[in-house]
Amino acid sequence: MSLASSSPRPLYTFPLAVMVVAAAIFFTGCGSSSMSKTPPLTGNTAVTVVVSGTANDQLAEFDLGFQSITLTSQSGQTATLFSAPTSGPEIGAEFMHINGTAEPLANASIPQGVYTSATVTLGNLGAFVCLALGPSNGEQVLDTTTYNASPSAVSVDLPLPITVTGASMALSLDLLVAQSATVGDCLNVDGFTGYSLTPTFSLNPLNLSSSPKNSSNGKVTGLDGEITAIGSSSAITLSLPDIEGPRPLSVSADSNTVYQGISGFSTLAVGTFVDLDGAIQPDGSVLASRIAVEDISAGDVLRGPLMEVTPAMSILVMHPRQEQGNDLLGFGGGSFPFNFGSAVFQISGQFTNLATLPFVPSFAASNMVPGQEVYISAATMPDGGYPIAATMTLMPQTINGTVTASSQSGNFTDYTVSLAPYDLFPMLAVQPDQTTVENNPSQVEVYVDSNTQLLNRQPFSVGSTLRFYGLVFNDNGTLRMDCAQVNDGVAFTTQPSASQQAHMEKGAVQQIRREGPGALQESVSVITRQP
């Protein structure tokens, strides 16, 4: 549990001519009684807090629970943006699935004013997960390591003072993942060697548009949840999969809402799992532009990357960043096997340009590969044996890579993107049954067209590291992405040095080894800090 604040740090430089004009205006105003004044800031403003993540591909999951979020004004007054419920589970977020995207967290009415610092106090749970494949104690092991700790330090940076004014506005609380976690050896786990958890956020105003195009102006994409209530006027309440319990969100639909997998709003019922896109509203709710139901009869759903595929047995292993349902708690941290022999394979309906791609997009049992993001539904999760996957849907994901080449392909520009060695695609491609599936798993062909939202400030050129959000397909051994959004990238992370690895803290390690479906040894490690 911790708190931190920051002072304003203007980062802009101004041309000399602008400075001269500004100075002239200033001095003229000083000599005139008619100098214009800033209207006083009075009353309250409804503020929506939106969470997002900025990360490379080193971690598979990053969960944090919140106790409170406050602002401090230039006069020293504090305003509460979020305060945890006095009873029930913590409210939190998983930040890797919103890497480059966004979702609403909370809404509050606070006094108007100029705020110069922010404080985030975290709850009892802070955890991140890294996946690793390699030799351990003389055998090939696929390891899932969860690092649990109560964060001891939190940093919140305000690049500029925030002026809260008007009837409503939004603030983006962005977790800078690379600065927030130091990762040790995820394969040969030894206590707290080389690990640390110091959450670092950036807080900035977010302009909400009535017709948003991307996450920078209030669009949410691929938001998953379970319906817990249906109201009048096409309104529903969703329970979002959270780290310790459900997080409620109000969602509405209108005549422009597109329905996929169902005939319309009347088909929705309490207990239905949905995947949706929409626009964040001034009150923190979401107006849905698309509502998809991948499996109307699902009892449980899980979303995350594939880790292992054994075609001969029709068995896969996936890591759920999010899980929800009758048999699930909402917090992943481990891995789940599934029998996919009778599953229905689908592609998310979020993208509408699949038919225009210069390749044939396909997702099936014969071409799925570890590293792809999937949404799996099941009727139940039994205590013994392999759960039966009813549906498997390919979902959009974010990759972080360096552009090495580009070429034109029809209406698309094809960017060749090189991935870091710890990215799941190259790391997991050396498993048994996978070594001949992909031609070059360290490389993705990223297809950008006129509909792609370009939010990057870094140059889009050879040598640039960028984040790409889209659907990743295995096209006859070549990884290809239909890209919907581009953000500034995050530098690749190097492994800790020997001196960092020598750092030890008091903690405990629980490790379980088991035989995987393809005879690959699997290890699940949980590292828990002890006070």
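Alanine 106 belongs to strand β5, which covers residues 103-111. The model described here is predicted. Alanine 106 has a relative accessible area of 13%, so it counts as buried, the limit being under 20%. Beyond its neighbours within four places in sequence, alanine 106 is in contact with Val47, Thr48, Val49, Leu81 and Phe82. From alanine 106 to serine 83 the C-alpha distance is 9.1 Å, and 23 residues separate the two in sequence.

**The chain as a whole**

The protein chain has 531 residues, and 56% of them count as buried. It contains four helices and 34 strands. Among its contacts between residues at least 6 apart in sequence, 73% join residues at least 24 apart. The chain exposes about 21500 Å², of which carbon and sulfur atoms supply 53%.

In soluble globular proteins, nonpolar side chains tend to be buried together. Here the largest nonpolar core has 51 residues, and Phe62, Phe66 and Phe201 have the most contacts inside it. Strand β6, residues 113-136, gives the most to this core, with seven residues. Another core, of 27 residues, lies apart from it; Val309, Ala343, Tyr447 and Tyr469 are among its members.

What does phenylalanine 62 touch, not counting residues up to four places away in sequence? The list is Ala93, Glu94, Phe95, Met96, Ala127, Phe128, Leu175, Val177, Ser180, Ala181 and Leu197.

**Cavities**

Rolling a probe the size of a water molecule over the atoms shows where empty space is left. The structure holds five cavities of 30 Å³ or more. The largest cavity has a volume of about 380 Å³. Its lining consists of 30 residues, and those nearest the centre of the cavity are Met96, Arg321, Glu373, Gln397 and Thr398. Met96 is also one of the residues that phenylalanine 62 touches.

How do the residues of this lining divide into nonpolar, polar and charged? There are 15 nonpolar residues, nine polar and six charged. The table names elements that each supply at least two residues of the lining of the largest cavity.

| Element | Residues | Supplied to the lining |
|---|---|---|
| β14 | 219-230 | at least two residues |
| β20 | 300-310 | at least two residues |
| β27 | 397-409 | at least two residues |
| α3 | 424-428 | at least two residues |

How values were computed: Residues are numbered from 1 along each chain as its sequence is written. This is a predicted model: local features need pLDDT of at least 70, side-chain atom pairs count only at pLDDT 80 or more; totals for chains, interfaces and linings use all residues. Side-chain values use heavy atoms; hydrogens and water are left out. A nonpolar core is a set of buried Ala, Val, Leu, Ile, Met, Phe, Trp, Tyr and Cys residues joined through side-chain atoms within 4.5 Å. Buried means under 20% relative accessible area, exposed over 50%, partly exposed in between (1.4 Å probe, protein chains only). Contact means heavy atoms within 4.5 Å. Accessible areas come from the Shrake-Rupley method with a 1.4 Å probe; for residues, only the protein chains shown count as cover. On a 1 Å grid over the protein atoms alone, a cavity is a set of points where a 1.4 Å probe fits but cannot get out, and a pocket is an open set with protein on both sides within 12 Å along at least five of seven lines; lining residues have an atom within 4 Å of a point. Grid points are joined across faces, edges and corners, and a volume is the space filled by probe spheres set on the points. Ala, Val, Leu, Ile, Met, Phe, Trp, Tyr, Cys and Pro count as nonpolar, Asp, Glu, Lys and Arg as charged, and the others, Gly among them, as polar.
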